[in-house]
Amino acid sequence: MTKKSASTKTAAKTTARGGARGVKAQGEAKADAAHLRTVNNALVDHLYLSEEEFATVAETLQRNLATTISLYLKFKKYHWDIRGRFFRDLHPAYDEFIAEIFPAIDEQAERLVALGGSPIAAPADLARFSVVQVPTETVRDARTQVADLVQDLSRVGKSFRDDSQTVDEANDPATADLYNGYALVIDKIRWMLQALMDDDRLD
């Protein structure tokens with residue numbers, strides 16, 4: 001019996017017992033599923049990327065995926081919590097911004113999978129990778145919310161621009177293009193929220 005057929009036989013037994021057990025992803029980003037020998041998980045190549053290049057790209061995708069999900073949740077949290085004279089401005093505006101951000105979640109996750117990775121999405125992992133912290137307390141004040149979001153968006157926009165250069169140097173211009181598009185969206189949302197802070201009535 002060949003090594004391959006023995007592995008297939010073992011996989012079949014595992015499936016017969018009720019399915020494959022979960023296996024933790026490997027690598028610095030905990031996002032590399034290309035080398036996990038599990039049921040229905042044949043070795044996935046990284047397209048045109050070397051192992052080192054893939055590791056670099058995968059780390060940025062996992063971090064930015066976690067950040068985008070956290071940003072989505074933070075906008076939602078503030079959308080629910082906002083009170084006061086700016087409620088009618090910010091409550092719907094937050095949802096409009098969410099609609100622009102949301103597609104990036106699936107795009108980044110699927111890009112990682114297409115390159116042979118496996119996105120992680122457990123709350124603890126999101127908190128570990130994200131550069132945005134979702135508040136656990138209730139914040140109702142408009143200026144406090146907007147100032148906090150502007151600070152986050154400044155950091156996220158810079159991260160996308162920096163990572164665009166990083167993945168381009170790692171031979172992945174396709175992911176670089178994704179990041180450039182996301183940076184454009186983040187910069188626009190930041191500009192709109194920053195403009196609100198010039199209104200003295202926000203206090």
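The analysis rests on a predicted model, in which local features need pLDDT of at least 70 and side-chain atom pairs count only at pLDDT 80 or more, whereas totals for chains, interfaces and linings use all residues. Residues are numbered from 1 along each chain as its sequence is written, and side-chain values use heavy atoms, with hydrogens and water left out.

The chain contains seven helices and zero strands, where helices (H or I, at least four residues) and strands (E, at least two) are DSSP runs numbered from the N terminus. The order of elements from the N terminus is accordingly written α-α-α-α-α-α-α. Of the 203 residues, 41% count as buried, a class defined by a relative accessible area under 20%, with exposed meaning over 50% and partly exposed in between (1.4 Å probe, protein chains only). Among the contacts in the chain with a separation of 6 or more, 77% are accounted for by residues 24 or more positions apart, contact being defined as heavy atoms within 4.5 Å.

Helix α2 spans residues 51-81. At 1.5 Å a residue, its 31 residues should span 45 Å, and the end C-alpha atoms of α2 are 45 Å apart, which agrees; the expected span is taken as 1.5 Å times one less than the number of residues in the helix. Because 22 of the 31 residues of α2 are buried, this helix is largely enclosed by the rest of the structure.

The axes of α2 and of helix α4 (residues 103-114) come within 9 Å and cross at roughly 160°, axes being lines fitted to C-alpha atoms, for helices over the stretch in contact, with angles that run from 0 to 180 degrees between N-to-C directions. The two helices α2 and α4 are therefore roughly antiparallel to each other, given that angles over 145 degrees count as roughly antiparallel, those under 35 as roughly parallel, those from 65 to 115 as roughly perpendicular and the rest as oblique. The crossing of α2 past α4 is left-handed, a term that applies if the near helix is turned anticlockwise from the far one by less than a right angle, right-handed being used if clockwise. On the α2 side the contact is made by Ala 58, Leu 61, Gln 62, Asn 64, Leu 65, Thr 68, Ile 69 and Tyr 72, and on the α4 side by Ala 104, Ile 105, Gln 108, Ala 109, Arg 111 and Leu 112. By class, these residues comprise nine nonpolar, four polar and one charged, where Ala, Val, Leu, Ile, Met, Phe, Trp, Tyr, Cys and Pro count as nonpolar, Asp, Glu, Lys and Arg as charged, and the others, Gly among them, as polar.

Within α2, Leu 65 counts as buried at 4% relative accessibility. Not counting residues up to four places away in sequence, Leu 65 touches Ile 105, Gln 108, Ala 109, Pro 119 and Ile 120, and its C-alpha atom is separated by 8.7 Å from that of Ala 121, 56 residues apart along the chain. Gly 117, in the loop between α4 and α5 (123-129), is likewise buried, with a relative accessible area of 8%, and its C-alpha atom lies 6.8 Å from that of Ala 58, at a distance of 59 residues along the chain.

Helix α4 also meets α3, the two axes coming within 5 Å and crossing at roughly 20°, and α3 and α4 are therefore roughly parallel to each other. Here Ala 99, Glu 100 and Ile 101 in α3 meet Pro 103, Ala 104 and Ile 105 in α4, a set that divides into five nonpolar, no polar and one charged.

Helix α7 has 24 residues and reaches 35 Å from its first C-alpha to its last, close to the 34 Å expected at 1.5 Å a residue. Its buried residues are Thr 175, Ala 176, Tyr 179, Tyr 182, Ala 183, Ile 186, Ile 189 and Leu 193, and these pack against α2, α3 (87-101), α4 and α6 (142-169). Thr 175 has a relative accessible area of 0% and, leaving aside its neighbours within four places in sequence, is in contact with Val 57, Leu 61, Arg 111, Leu 115 and Val 167. The C-alpha atoms of Thr 175 and Leu 61, 114 residues apart along the chain, are separated by 8.5 Å. In the loop between α6 and α7, Asn 171 has a positive phi of about 70° although it is not a glycine, and Asn 171 is partly exposed, with a relative accessible area of 35%.
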